[in-house]
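Please examine the sequence and the model before reading the points below.

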Amino acid sequence: MVYLVGTKIFLGPAGIPTVSKGGGTVGGIKTVASLGLNAMEVEFVRGVKMGSEAAKECGKTAEELGIKLSVHAPYFINLCSTDKKVVEASKKRIFDSAVRAGEMDATVVVFHPGYYSGLPPEKAFELVKKACEDLIDMIKSQGIKNILFGLETTGKVSQFGTLEENIEMSKKVGGCIPALDPAHLFARNAGKIDYSDIFEKIKPLKLKHVHMHFSGIKWRPVKATGKGNEWYHIEIKSNQPPFEPLAKEILKRKLDVTIISESPVLEQDSLIMKKIFEKLGYKF
C-alpha cells in the first residue's frame with residue numbers, strides 16, 4: 001500500500017547533524033536537506049544565544065530547502081516552582097525561544113514544564129497553567145503568530161508532564177499542544193507502551209499536526225511503584241521502545257507528523273526511520 005493522501009511525515013535531527021561540516025545552524029539545515037531529510041529542531045537547550053538576523057537566515061534557508069523547523073527551549077525551566085523568580089526566569093527563556101522561533105518561521109517551541117518538587121500534581125498543574133497563559137499573552141503582545149508551545153511528555157516520575165497532564169493543559173490553554181516523546185513514556189511506564197492508546201487519547205484535541213521526539217532509551221525502575229525513570233537516550237536499533245509499530249500506527253491513522261530524532265546518532269536514526277516508513281509503503 002502507498003500512503004499519500006492525508007499523511008505528511010517530516011523527519012530530522014534534534015540539532016545540527018553529526019556529519020555537518022560547519023556553518024552553524026544554517027549549515028546544519030543544508031546538511032539535513034542534502035541527506036534527504038525534511039525537518040530539524042533548533043536546540044536552545046543551553047540558552048538562547050542565537051541573534052535575530054541569524055534566526056531569519058535559518059528561516060530563509062529552511063524555506064528554500066523545504067525543511068520544517070521547530071525549536072527546543074532551554075532545559076533550565078521550572079514552571080512548577082513556588083519561587084516567583086524561578087518561574088519568571090523560566091518564562092523568559094521560553095519567550096526568548098518563541099521570539100527566535102517566530103523569526104525563523106518555526107512552528108513549535110518544545111519545553112519540559114518542570115518538577116513537582118513535593119507539590120500535589122493538581123497544584124503543579126495550576127502553576128504550569130498560569131505560566132502557559134502568561135506565555136500566550138506575551139507572544140500575542142509581540143505580534144508573534146503561528147507558534148505553538150509543545151509541553152514535552154517527560155521521562156521521570158519527579159517531572160510534571162505525563163501524557164494526561166499535557167493533554168489536559170492543551171484543552172485548557174489554547175496555543176499549547178502535547179509534544180509526544182514515546183521514549184519518555186516508555187521509561188516512565190516501566191518499559192511498556194501502547195501507541196494506539198496514545199493517539200486515541202490525543203484524538204479529542206483534533207491536532208492538525210503531531211510533534212514528536214523519538215529515540216531508544218535506558219531506564220531504571222522506581223522502587224515499589226511499578227513506574228520507571230529515564231536514564232539516557234540510546235539508538236533506535238535497541239527497539240526500546242520499538243519504532244516500526246509507531247510508524248504503522250501513524251500510517252494507519254493518516255497522521256501529519258514531525259518526528260525529531262534525539263538518538264545519540266541523530267540524523268543516522270532519522271534515516272533509519274525514513275527507511276522504515278518507505279518499507280511500509282510511504283513515499284517521501
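In the hairpin of S10 and S11, which residue takes a positive phi? That residue is alanine 224, with a phi near 60°, and the hairpin has four residues between the strands. This is a predicted model, in which local features need pLDDT of at least 70 and side-chain atom pairs count only at pLDDT 80 or more, while totals for chains, interfaces and linings use all residues. Residues are numbered from 1 along each chain as its sequence is written, and side-chain values use heavy atoms, with hydrogens and water left out. Helices (H or I, at least four residues) and strands (E, at least two) are DSSP runs, numbered from the N terminus.

**Strands and sheet**

- Strands S10 (residues 216-222) and S11 (residues 227-234) run antiparallel and are joined by seven bridges; two strands pair if DSSP finds at least two bridges between them.
- Isoleucine 217 stands opposite histidine 233 in S11.
- Strands of a sheet pair through backbone hydrogen bonds, either parallel or antiparallel.

**Helix packing**

- The axes of helix H4 (residues 121-141) and helix H5 (residues 163-172) come within 11 Å and cross at roughly 45°. These axes are lines fitted to C-alpha atoms, for helices over the stretch in contact, and angles run from 0 to 180 degrees between N-to-C directions.
- That angle makes H4 oblique to H5; angles under 35 degrees count as roughly parallel, over 145 as roughly antiparallel, 65 to 115 as roughly perpendicular and the rest as oblique.

**Aromatic rings**

- The structure holds nine aromatic pairs. Rings of Phe, Tyr and Trp (its six-membered ring) pair if their centres lie within 6.5 Å; planes under 30 degrees apart count as stacked, over 60 as edge-to-face and the rest as tilted.
- One of the pairs is formed by phenylalanine 111 and phenylalanine 149, edge-to-face at 6.3 Å centre to centre with 70° between the planes.
- Phenylalanine 111 lies in strand S4 (residues 108-111) and phenylalanine 149 in strand S6 (residues 148-152), so the pair ties together parts that are 38 residues apart in sequence.
- Both phenylalanine 111 and phenylalanine 149 are buried; buried means under 20% relative accessible area, exposed over 50% and partly exposed in between (1.4 Å probe, protein chains only).
- Phenylalanine 277 and phenylalanine 284 have ring centres 6.4 Å apart and planes at 75°, so this pair is edge-to-face.
- Phenylalanine 277 is buried at 0% relative accessibility, whereas phenylalanine 284 is partly exposed at 40%.

**Backbone features in loops**

- A cis peptide bond, with omega about 5°, joins glutamine 240 and proline 241. Proline 241 is placed in the loop between S11 and helix H8 (244-253).
- Asparagine 146, in the loop between H4 and S6, has a positive phi of about 65° although it is not a glycine. Asparagine 146 counts as exposed, at 71% relative accessibility.
- Leucine 266, in the loop between strand S12 (257-261) and helix H9 (267-279), has a positive phi near 40°. Leucine 266 counts as buried, at 13% relative accessibility.
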